[in-house]
Amino acid sequence: MERAWSLAPAYLTQPFLVGFYSKDNEGSWFRSLFVHKVDPRKDAHSTLLSKKETSNLYKIQFHNVKPECLDAYNSLTEAVLPKLHLDEDYPCSLVGNWNTWYGEQDQAVHLWRFSGGYPALMDCMNKLKNNKEYLEFRKERSQMLLSRRNQMLLEFSFWNEPQPRAGPNIYELRTYKLKPGTMIEWGNNWARAIKYRQENQEAVGGFFSQIGELYVVHHLWAYKDLQSREETRNAAWRKRGWDQNVYYTVPLVRHMESRIMIPLKISPLQ
């Protein structure tokens, strides 16, 4: 109770929340003061939140490219990556490849799926060590980069599995860095709330980190354009119950970031 009441003044005074107040959602406003309690568990949150019917592992990689090299980087990537993934011996598939449009500039974002989990990841890595074309690709690419980082991810059980889609679309990658110990609470709320964001097929995938920076959540959304994004997000606020998800999950977040991304020509997500 003390935690909930200590948070109340900060959220009740935010201008964007005041605009959505009405008699219809007065009850949910009151309930939003009380953050859900989560019972102690003996299972890892990766076991509780990830899909049981698959053993997919995902890798997301962020490349910060020298501004003068971005076009050359894209051309090299589009020439080499598809050929690598034509080899059926690699238990790895491209999910999406993008350039950041709004957010961190001169950046490329790549998402891969490893069918078979960590054994598939290690199998792929060991094979690539002996692939001369890949080694030459890495060497040439390294001259174009300022920095790079990656994370290993699992997908939330209640989200769609990313599937190829026709374009043109823009993609939004919303990244949430949570307070340690709150991943189960986040998952419980979003498992109920994802239904409010499915009508326009905008929900592409939802993931949480396992290696790299921890307690990081990535939500990937697709829209026809920025205006469609605005209309879709505004429509969610008119659905009874969406506001509760926002009020319950905002206190769990330490930092959040949004990227608007444009797919590369080779991206299965167009």
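Is K177 buried, exposed or partly exposed? I looked it up: K177 comes out partly exposed, at 22% relative accessibility. My cut-offs are under 20% relative accessible area for buried, over 50% for exposed and partly exposed in between, with a 1.4 Å probe and protein chains only.

Ground rules first. I'm on a predicted model, where local features need pLDDT of at least 70, side-chain atom pairs count only at pLDDT 80 or more, and totals for chains, interfaces and linings use all residues. Residues are numbered from 1 along each chain as its sequence is written, and side-chain values use heavy atoms, with hydrogens and water left out.

Next I went through the salt bridges (a side-chain nitrogen of Lys or Arg within 4 Å of a carboxyl oxygen of Asp or Glu). I get nine of them.

Entry, K177. Its salt-bridge partner is E213, with 3.4 Å between the closest N and O atoms. K177 sits in strand β5 and E213 in the loop between β6 and β7, 36 residues apart. I find E213 partly exposed, at 35%. For the labels, helices (H or I, at least four residues) and strands (E, at least two) are DSSP runs, numbered from the N terminus.

Entry, K83. I see a salt bridge to E133 at 2.9 Å, N to O. K83 is in helix α5 and E133 in helix α7, so the pair ties together parts 50 residues apart in sequence. K83 is partly exposed at 48%, and E133 is partly exposed at 35%.

Entry, R113. Its salt bridge to E161 spans 3.7 Å, N to O. R113 is buried at 11%, whereas E161 is partly exposed at 24%.

Last entry: I also noted a salt-bridge network linking E172, R174 and R229.
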